[in-house]
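Here is a short briefing to read alongside the model on your screen.

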Amino acid sequence: MNDAASRHMSPEEFRRWGHAVVDWIADYQRRVAELPVLSQVKPGEIRAALPASPPARGEPFDAILADVDRLILPGITHWQSPNFFAYFPANTSGPSILGELLSAGLGVQGMLWATSPACTELETHVLDWLAEMLDLPAKFKSSGTGGGVIQDTASSAVLAALIAARERATGGATNQLGCNGKLTAYTSSQAHSSVEKAAGIAGVGRSQLRLVDVDETFAMNPEALRSAIARDRAAGLTPFLVCATVGTTSSNAMDPLGPIGQICRESGLWLHVDAAMAGSAAVCPEFRWIHAGLELADSYAFNPHKWLFTNFDCDCFWVADRAALIRAFSILPEYLRNQATQSGAVIDYRDWHVQLGRRFRALKLWFVIRYYGVAGLRHHVREHVRLAQAFADWVRADPDFEVVVPPPLNLVCFRHRAGDDFNRAMLECLNASGRLYLTHTRLGDRYTLRLCVGQTHTAPGHVAAAWDLIRATARQAANGG
Ligand SMILES: *Cc1c(COP(=O)(O)O)cnc(C)c1O
């Protein structure tokens with residue numbers, strides 16, 4: 001009787017189906033450019049095609065795999081399409097996918113050094129490599145007082161930073177007694193929503209997060225920050241953290257880390273720097289100006305899962321003083337006690353973030369760095385920036401369009417001169433075509449289109465085709481559809 005429910009997949013069957021899945025992924029990589037980038041399904045359509053109840057008996061693997069094409073693929077927005085220019089990239093690469101597969105194959109849970117020493121030590125090592133690759137201040141390396149850890153996302157990184165800062169500001173009291181409603185944090189009005197979310201989750205309170213004004217480039221105004229801190233101090237409150245952004249989500253604005261860092265130093269505030277996408281640019285020496293002043297930061301995070309060819313999820317988070325982080329997160333129940341931990345000679349990453357259990361994410365990062373090498377990663381990041389800058393030049397050269405803010409790297413904010421409604425309709429039309437995917441933002445209260453170059457296989461032809469389609473769509477709309 002062929003009842004798959006009664007048995008496990010044998011290593012030989014795994015080999016066979018594993019090859020089939022890898023073939024599937026390779027074929028997908030071949031054809032993804034031809035698929036409609038933005039999924040065109042309606043809400044509920046995917047679920048309606050699925051059986052209401054789970055299968056009582058196991059099914060043949062080929063039937064499951066066939067349903068990926070039939071049932072799942074129509075509901076996929078193809079982030080790996082070279083015509084994906086929306087939001088920020090979530091790019092990936094062959095070596096990353098294979099590293100991820102190996103991590104699943106090992107099935108390691110790396111909560112403690114002792115539960116898989118390689119999981120911890122490779123992570124520490126690869127994060128030291130990355131600190132060198134981005135030329136981060138030496139204090140962030142594990143050889144100094146700091147060190148790096150992989151978090152799932154930049155949102156978790158800012159939460160970890162905020163909690164560590166909260167504990168530092170209150171001498172550990174908030175962990176014991178809870179918040180007293182007096183702590184205040186600061187970020188710019190352009191910062192990512194994860195900062196506000198973290199302030200809420202950490203018990204600081206969303207209303208205790210001050211959104212500091214920005215200048216004409218949408219970067220934080222340090223003088224406005226200084227005044228906001230002074231105002232709160234005068235009101236008897238306890239300012240404790242500033243989150244600065246290197247490359248805001250909306251427009252890639254760069255907060256001035258030097259002046260902000262000085263203010264943090266003078267007032268004893270923790271400075272966290274969120275460089276979720278733009279941080280990757282620092283692999284290229286010519287883009288390291290984005291980190292000017294980073295030596296004044298207490299923590300820093302960027303996402304290799306955005307723009308460094310490493311599949312989601314992978315956020316790298318560094319602190320200058322690991323003791324401050326560990327003090328905030330460490331808790332040691334009897335069942336986790338072990339000799340290695342007791343000896344103090346090892347890192348237990350469970351003390352560096354919210355969750356206990358952790359995946360072996362360093363493996364995919366190690367694969368990516370070794371496969372491309374520093375030179376390879378530089379080449380691809382540079383190319384993305386070059387393509388975005390070329391696109392910006394085409395926009396500037398067209399009298400019907402304008403660049404809304406000078407693009408520092410790989411994100412171009414632009415609009416047609418015909419106004420908000422025109423741009424909104426044009427965007428809908430473009431995305432409905434399935435031939436590319438763009439998203440929008442509001443800058444200076446104007447509806448603005450965003451084109452972000454960062455998908456692994458985006459080549460000059462894809463960006464040129466995007467510009468052709470945008471212009472053709474605009475002409476058509478101008479002629480009444
Ligand atoms: C994308 C982004 C985030 C959120 O990233 P996650 O890793 O998905 O949490 C945070 N900050 C900035 C500046 C971002 O661009």
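**The four-stranded sheet**

Four strands, in the order β8-β9-β11-β10, make up an open sheet with antiparallel pairing. Please keep in mind that this is a predicted model.

*Edges and pairing*

- β8 (401-405) and β10 (439-443) are the edge strands, and each has a single partner, so one side of each has no neighbour in the sheet.
- On average, neighbouring strands of this sheet are turned by 45 degrees against each other, direction ignored.
- Four bridges join β8 to strand β9 (residues 411-416) in the antiparallel sense.
- Within this pairing, F401 is found opposite H416 of β9.

*Helices on the sheet*

- Helix α14 (residues 362-397) lies across β8, β9 and β11 (446-452), and it runs at about 20 degrees to β9.
- Helix α16 (residues 460-478) also packs on the sheet, where it touches β8, β9 and β11.
- The direction of α16 makes about 120 degrees with that of β8.

*Strand β1, an enclosed strand*

- Is strand β1 (residues 147-151) buried or exposed? Five of its five residues are buried, so the strand is largely enclosed by the rest of the structure.
- In a regular strand, side chains alternate between the two faces of the sheet.
- In β1, G147, V149 and Q151 point one way, while G148 and I150 point the other way. Residues on both sides are buried, with Q151 among them.
- The partner here is strand β7 (residues 315-319), which pairs with β1 in the antiparallel sense over five bridges.

*The ligand site*

- How many residues surround the ligand? There are 14, and the closest are F88, A154, S155, D274 and K306.
- S155 places an N or O atom of its side chain 2.5 Å from an oxygen atom of the ligand.
- D274 has a polar side-chain atom 2.5 Å from a nitrogen atom of the ligand.
- H305 has a side-chain N or O atom 3.4 Å from an oxygen atom of the ligand.
- Taken alone, the ligand exposes 390 Å², and the protein buries 89% of that area.

Conventions:
Residues numbered from 1 in each chain as written. Predicted model: local features only at pLDDT ≥ 70, side-chain atom pairs only at ≥ 80, totals over all residues. Heavy atoms only, no water. Buried < 20%, exposed > 50% of the residue type's maximum accessible area, 1.4 Å probe, protein only. Helix = DSSP H or I, 4+ residues; strand = E, 2+ residues; numbered from the N terminus. Pairing = 2+ DSSP bridges. Axes fitted to C-alpha atoms, helices over the stretch in contact; angles between N-to-C directions. Contact = heavy atoms within 4.5 Å. Near = heavy atom within 4 Å. Polar contact = N/O pair within 3.5 Å; in protein donor to acceptor, adjacent residues only side chain to side chain. Areas by Shrake-Rupley, 256 points an atom, 1.4 Å probe, with all protein chains shown as cover.
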